[in-house]
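Try each one before reading its solution.

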Amino acid sequence: MLSKLKHNNVVSIVGFNDEFGKIIIYKHETIGSLDTFLRDPNLTWMRRLQICVGVAHGLGYIYYDKGRDFSVIHCDIRSSKILLDANWEAKLSGFELSMKQASRGRNDLCFTDVCGTLGYRDPVYDKSGSVTHKSDMYSFGIVLFEVLCGKKAVDEEDNRLLAPIAKSHYEGGGLDVMIDPGLHKQMDPRSFQIFSEVAYYCLKEERSQRPNINQVVMNLEKALEYQWKHVNRLILKASFEGTTSKNLKGKDIKHLEIPLTDIENATKNFAKTYVIGSGGYGEKRNPSVQPQKSSSRNLKKHYLFKREI
């Protein structure tokens, strides 16, 4: 089953070793697992969104790929099972407990004696012993709250679970107090709203009320889109306010700080498309030809960046 899973957001299976039992050999991912970066202040909101979108795409693939005659329920989604490669691309791993379904029965219940990890496990499983794709959605919702709040599913000091605390804060309108202020400051309000709503509905007690993976992918991509626009607006604002030492002297510019990784993302790693040429608006022209007047709309249309930013 695992050898047939080929996707950019699913870890590559190198092989198997039966000498000491069933050992699955994965391709080594150079950075590590997501759980080790949850509290890292350098992991920007943009990067966190991209990782979550990648995981969602990986889940969508193992559930509903048209090229296979079976579907897979992961059964053990957690942040330690999400690996990151050198480009911070998310790779879903940890298929040791996964269950295979015939495609025609992918909405049916599967019964198993072993499923999930404390803090991530679907509470319906504890009552019924059954799992579905919506069981995975519950576990993924926990991961989303981990990414949002920078906290692990189970507090290492007092063993408190993140799920009930996050749900309570969301329902009371105070979820932002659980988020690191530096991370929260980066967020576009609509991006934060959509992301937190997805995470909350994944944790609904009734499986029927949890979103399916297509809905999760669509909404997380929308949250990422709003964040892209937010970052671009910040860069535009910074460019218009000026960046010379004389202009900045005595001014509070803390709000204009933008992580380099976000600028690289917004400019596609400083692609040529975004490099300014010569001339008033960055376009090469004959110096004898007088420039035409440009509206503010046209000025924004020609909004590009130099690599030196």
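A pocket, on a 1 Å grid over the protein atoms alone, is an open set of points with protein on both sides within 12 Å along at least five of seven lines, whereas a cavity is a set where a 1.4 Å probe fits but cannot get out; lining residues have an atom within 4 Å of a point. This is a predicted model, so local features need pLDDT of at least 70 and side-chain atom pairs count only at pLDDT 80 or more, while totals for chains, interfaces and linings use all residues. Residues are numbered from 1 along each chain as its sequence is written, and side-chain values use heavy atoms, with hydrogens and water left out.

**Exercise 1. Find the residues nearest the centre of the second largest pocket, and say what kinds of residue line it.**

Step 1: Look for Arg39, Cys149, Gly150, Lys151 and Met178, which lie nearest the centre among the 20 lining residues. The pocket has a volume of about 330 Å³, where volume is the space filled by probe spheres set on the points, and points are joined across faces, edges and corners.

Step 2: Sort the lining into 10 nonpolar, 2 polar and 8 charged residues. Here Ala, Val, Leu, Ile, Met, Phe, Trp, Tyr, Cys and Pro count as nonpolar, Asp, Glu, Lys and Arg as charged, and the others, Gly among them, as polar.

Step 3: Ask which helix gives the most to this lining: that's H4 (residues 162-171), with 3 residues. Helices (H or I, at least four residues) and strands (E, at least two) are DSSP runs, numbered from the N terminus.

**Exercise 2. Work out which residues of H4 are buried and why they share a side.**

Step 1: The buried residues in H4 are Leu162, Ala163, Ala166 and Lys167.

Step 2: These residues are on the same side of H4 because they cover an arc of only 120 degrees around the axis. The arc is that of the directions from the helix axis to the C-beta atoms. An α-helix has 3.6 residues a turn, so residues three or four places apart point the same way.

Step 3: See what they pack against: helix H3 (133-149) and helix H6 (189-202). After H4 comes Gly173, with a positive phi near 75 degrees.

**Exercise 3. Describe the surroundings of Leu220.**

Step 1: Start in helix H7 (residues 213-241), where Leu220 has its place.

Step 2: With a relative accessible area of 1%, Leu220 is buried.

Step 3: List its contacts, not counting residues up to four places away in sequence: Cys52, Val53, Ala56, Phe140, Leu144, Phe195 and Val198. Leu49 is 171 residues from Leu220 in sequence, but the C-alpha atoms are 7.4 Å apart.

**Exercise 4. Find the cavity and name what lines it.**

Step 1: There's 1 cavity of 30 Å³ or more, and the largest cavity holds about 50 Å³ of space.

Step 2: Its lining is made up of Cys75, Cys115, Gly116, Tyr120, Arg121, Asp122, Val131, Ser135, Asp136 and Ser139. H3 gives the most to this lining, with 3 residues.

Step 3: By type, the lining splits into 4 nonpolar, 3 polar and 3 charged residues.

**Exercise 5. Look at phi in Trp88 and Asn159.**

Step 1: Most residues other than glycine have a negative phi, and most peptide bonds are trans. Trp88 has a positive phi of about 65 degrees, and Asn159 has a positive one near 60 degrees.

Step 2: Trp88 is in the loop between strand S5 (82-84) and strand S6 (90-92), while Asn159 is in the loop between H3 and H4.

Step 3: Trp88 counts as partly exposed at 25% relative accessibility, and Asn159 as exposed at 58%.

Key. Buried < 20%, exposed > 50% of the residue type's maximum accessible area, 1.4 Å probe, protein only. Contact = heavy atoms within 4.5 Å.
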